[in-house]
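Here's a quick briefing to read alongside the structure. Have the viewer open and follow along as we go.

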Amino acid sequence: MRTLLLATFLTGCAHQAGPPGLQIWAHEGRESERQVLTAQVERFQHEHSGPPLHLTFLPEGNYNSQVQAAALAQKLPDVLEFDGPLLYRYVWQGCLQPLETQLKQSTLDNLLPSIQKQGSFRGHLYSLGAFDSGLGLYGRKSLIRQAGARLPKSPDEAWTAAEFTQLLENLAREDTDGQVLDLKLNYQGEWFTYAFSPALASAGTDLSHLESPAASQVLNTIQGWNEQGRVDANVDDAAFLTGRVALSWVGHWEYPRYASRWGDDLCLLPLPNFGHGTRSGQGSWNWAVTTACQPSGRAVEFLEFLLQDEQVLEMSDANGAVPATRSAIARSKLYGANGPLRLFSNQLLQGWTAPRPRTPAYPLMTSVFQQTMQDVLHGAPVDQVLGQAAAEIRQDDLDNQGYR
Amino acid sequence: MRDGLVAALACVYLLPIATLFGGSLAQDGLGNYGSVLQRIDFLTLLCNSLVISGFTVGIGTLINSMAGYALARTTFPGRQAALAVVLLCMVIPFEAVAVPLFYAVSREGLRDTLSMQILPFVANGFSIYMFYTFYLDFPRELEEAARLDGAGPWQIYSRVALPNSKPALATNAVITLLSSWSAYLWPLLVTAGPQARPLSLAIATFLATPPLHWGQIFAFGVLMVTPVLLLFLRLQRHFQPNALTSGIK
Amino acid sequence: MMQRPAWWMLIPAALGLLVFVVVPFVCSFGMSFTDLALGSPHPVRWVGFQQYQRLAADPSVARALTNNLIFAVVITPLQTALALFLACVLNRPGWRLGGFYRSLFFAPVVFPMSLVAVIWRYLYAPGASGAFNQVLNALSLGHWQPRDFLHDPQLALPSLMLLSIWQGVGLQMVLLLAGLQQIPADLYEAAALDGSSPLLRFRFVTLPMLRNTLIFTALMTTILAFRVFDQVQILTHGGPAGATTTLMFELVRSAFERLQMGRACALTVVFVIIVVVLTGVQRFLLRQKSL
């Protein structure tokens, strides 16, 4: 999820012949993720004989710049992994081939609706992931009850924004420094778009309509929490862990740490409802096949393999993310019917999530919005900042002739 | 009183450094170093950095001091223009030429090499200007003596000027080394795998995925600065008053 | 004076500069008149001065320019003075503590800016437990309100300046030290024999002999003040609300985050022009003399 600092500057996505076989690029995530993927590649080769697979890991921090550089040098691999929202720009530049005609129907139907939505653009499916992400509010049951609030059991029971603001005040009364909410302000970059654009969706608007009253209301509310002193700066990334705050607005990856610290006192709740129902985030690393990969049969076979239940579950165990297929979710300990993180899978299955804007303008939009959120969270006048952001996005759209 | 002031400043200076070294032992103690070494292929990255910086400094110091000397000592038409160009190059930041260079390097398929991390930085406006300044102030008597003995320009340079330029050479070496060692943007753009990647990029690995493990981050920082620190401590002796000033009598 | 040119000694460096600096810059210059967007499948169009017009009308760019000027105007004299002070104090041959101090003050220069930024992010932590807040609290005997240095519109830029000075003084100090050591000892002896005080010796022996080195280091610091980037990128990302944006930051952001290459190239050209003018002015005011 880190930095869309360098997004694509592909000017020609032809493929230069490398060693024979399939070239696969993946991001160098956590050790466990890497090990699982390496093992999966070997397993695939073992079970499906044919041209060899060459897996290369590129560091996550500058992964996207590597992809662009390779495209420029006409050395894109056959199979490419990338952070979901970048898909649309790659498609606009003509680098990827559609997959929906090449995958089995059963595979397609088994995919999470969120993954299908994320991976589709202009009528075709171009990418899919082996996992998706979950975003929500972790909380301390004891403290919330003490503050007199109800505990939402499902997305439709989510607190309204007003309820949430009131809850923060109630919690603050019992708290030593009045800071009761962790928004991961210490994170950098893409987090701000990922975490807060769902709030816009919850208010019925989105990144393309930043000048709407709804957007203004959402950002004013969030800014209010900060101005009242309810938000912890989280420099040590441990506000929730050490008990300084009662609520933490973050994703699935924090579950292991939080669960081992708070055990039964930990609860997972949907994000506040800003008017049109709660909305949460989605999207993570996706796989796609480049146009240079001809014939693409083996590449597609590989993707189908990655989507088998065993493979999906193995990866989910390694990185803690939400499995991408319904069948795998059903079998997952964390995300299944009685799993502690079923809120995440339910949100994705039932459509409570909003994908980040599916447009080739995404790199600019997210850069602008990250700036906006940062400014808002540090006291800048909301309407002014939103106006500037909207103007920049509009200008970029004009400059690129509407990204036709 | 002067000494007191210096001592106070030293304390201020020490704070961040102490944070770095002390912080590297936080949370997991020496285990931080172990974790860091496990997470990244430290030796390969270190070797790459050493090779890149070594050649950049070595070749760069030579050709830049030659150029600075020539500019300081030679009159030729266009000397002022050449100086102006050097100044201009000093001013043009690397970021300004990074993208066109990147295009060119990518198109030629020269990415992921060590040489492309060395060559663009060998000729350097700052260095040339620094040597130019140094040689302007350089007393001419020794060179005159050599010329009277019949030595040609190159010999005068290599046998007389260069050996007595230790402070400037050492300073230039240090400056070049530092900027080369901490180069970030360019290696980011032109390297892919760990074969050609320098050490400076590895900090991204620790800052990328949350949660931030400060102990490891600081441990990596220590590992990254220690080689250069040690090198500088060794080069210290060249900053002592040299024989030059007494040689003039 | 060598009449017979040793000019061929210029060639290797000149070649390097030509290929790796001049030619790419000329390309940047050319690209600044286009609407080049990286990776766009649309053909590139010539747009004349449009990019420059937009820059002129853009408040972020104006802010960036202001910030760079503030940096240069504040840091150059402060850092140079501090470096000179330290260099003079440390210029005692045989003083054992001198070696230690020299290493200490130079050490920060060895740290890559990315690392310096990370360390200072930790030090500038907001809240009462942040190191800086604690120190200031102790110094003010408990009257200090904890501040969020990097996100406070007034404190953000000074905070960045402080860490830049911390990192930069050592280098200037070492350069000035080298210059000081070039000054022949007999000049000082002669002045001392004439009965002048240390202060007079400083004014009439040290300063003139250091003149060229001082000019060089001051110029270098000024140029570097305009190239400030790493700490802005890592610590504040131009915020809060543009309080710490700089020209280089705007440039890199335009080029690599927003993919607006034409605009980034225009920024490059503007940047180079500004710095050329400034250094021209500085050189004119402090004419450099050769011996």
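Chain A carries an open sheet of five strands, in the order S2-S1-S3-S13-S6, and the pairing is mixed. Keep in mind that this is a predicted model. The points below start with that sheet, move on to a helix pair in chain A, and then turn to chain C.

**The sheet in chain A**

- The edges of the sheet are strand S2 (53–59) and strand S6 (127–128) of chain A, each of which pairs on one side only.
- For S6(A), the partner is strand S13 (residues 285–289) of chain A: two bridges join them in the antiparallel sense.
- If you want to find that spot, look for A:Ser127, whose bridge partner in S13(A) is A:Ala288.
- Helix H1 (residues 31–47) of chain A packs on the sheet, where it touches strand S1 (22–28) and S2 of chain A. The direction of H1(A) makes about 170 degrees with that of S2(A).
- Another helix, H11 (residues 297–306) of chain A, lies across S1, S2, strand S3 (79–83), S6 and S13 of chain A. H11(A) runs at about 155 degrees to S13(A).

**A helix pair in chain A**

- Helix H7 (residues 161–173) and helix H9 (residues 213–227) of chain A have axes that come within 11 Å and cross at roughly 5 degrees. Angles under 35 degrees count as roughly parallel, so H7(A) is roughly parallel to H9(A).
- On the H7(A) side, the contact is made by A:Ala161, A:Thr165 and A:Leu168, and on the H9(A) side by A:Thr221, A:Gly224 and A:Trp225.
- Sorted by class, the contact of H7(A) with H9(A) has three nonpolar, three polar and no charged residues.

**Chain C as a whole**

- Chain C has twelve helices and zero strands.
- Its C-alpha atoms fill a box of roughly 75 × 70 × 30 Å along the principal axes.
- Of the 291 residues in chain C, 49% are buried.
- Take the contacts in chain C between residues at least 6 apart in sequence: 68% of them join residues at least 24 apart.

**Where chain C meets its neighbours**

- With chain B, the contact takes 70 residues from chain C and 73 residues from chain B.
- Seen from chain C, at least two residues each come from helix H1 (11–31), helix H4 (96–110), helix H5 (113–123), H7, helix H9 (198–226), helix H11 (247–257) and helix H12 (261–285).
- H1(C) gives the most to the side of chain C that touches chain B, with ten residues.
- That side of chain C divides into 55 nonpolar, 13 polar and two charged residues.
- With chain A, 21 residues of chain C are in contact with 23 residues of chain A.
- By class, the side of chain C that touches chain A has nine nonpolar, seven polar and five charged residues.

**One residue up close: C:Leu180**

- C:Leu180 sits in helix H7 (residues 156–182) of chain C.
- Leaving aside neighbours within four places in sequence, C:Leu180 is in contact with C:Ala87, C:Asn91 and C:Leu210.
- C:Ile273 is 93 residues from C:Leu180 in sequence and 33 Å away in space, C-alpha to C-alpha.

Note on methods. Residues numbered from 1 in each chain as written. Chains lettered and ligands numbered in written order. Predicted model: local features only at pLDDT ≥ 70, side-chain atom pairs only at ≥ 80, totals over all residues. Helix = DSSP H or I, 4+ residues; strand = E, 2+ residues; numbered from the N terminus. Contact = placed C-beta atoms within 7 Å. Nonpolar A, V, L, I, M, F, W, Y, C, P; charged D, E, K, R; others polar. Pairing = 2+ DSSP bridges. Axes fitted to C-alpha atoms, helices over the stretch in contact; angles between N-to-C directions. Buried ≥ 20, exposed ≤ 12 C-beta atoms within 10 Å, placed from the backbone. Parallel < 35°, antiparallel > 145°, perpendicular 65-115°, else oblique.
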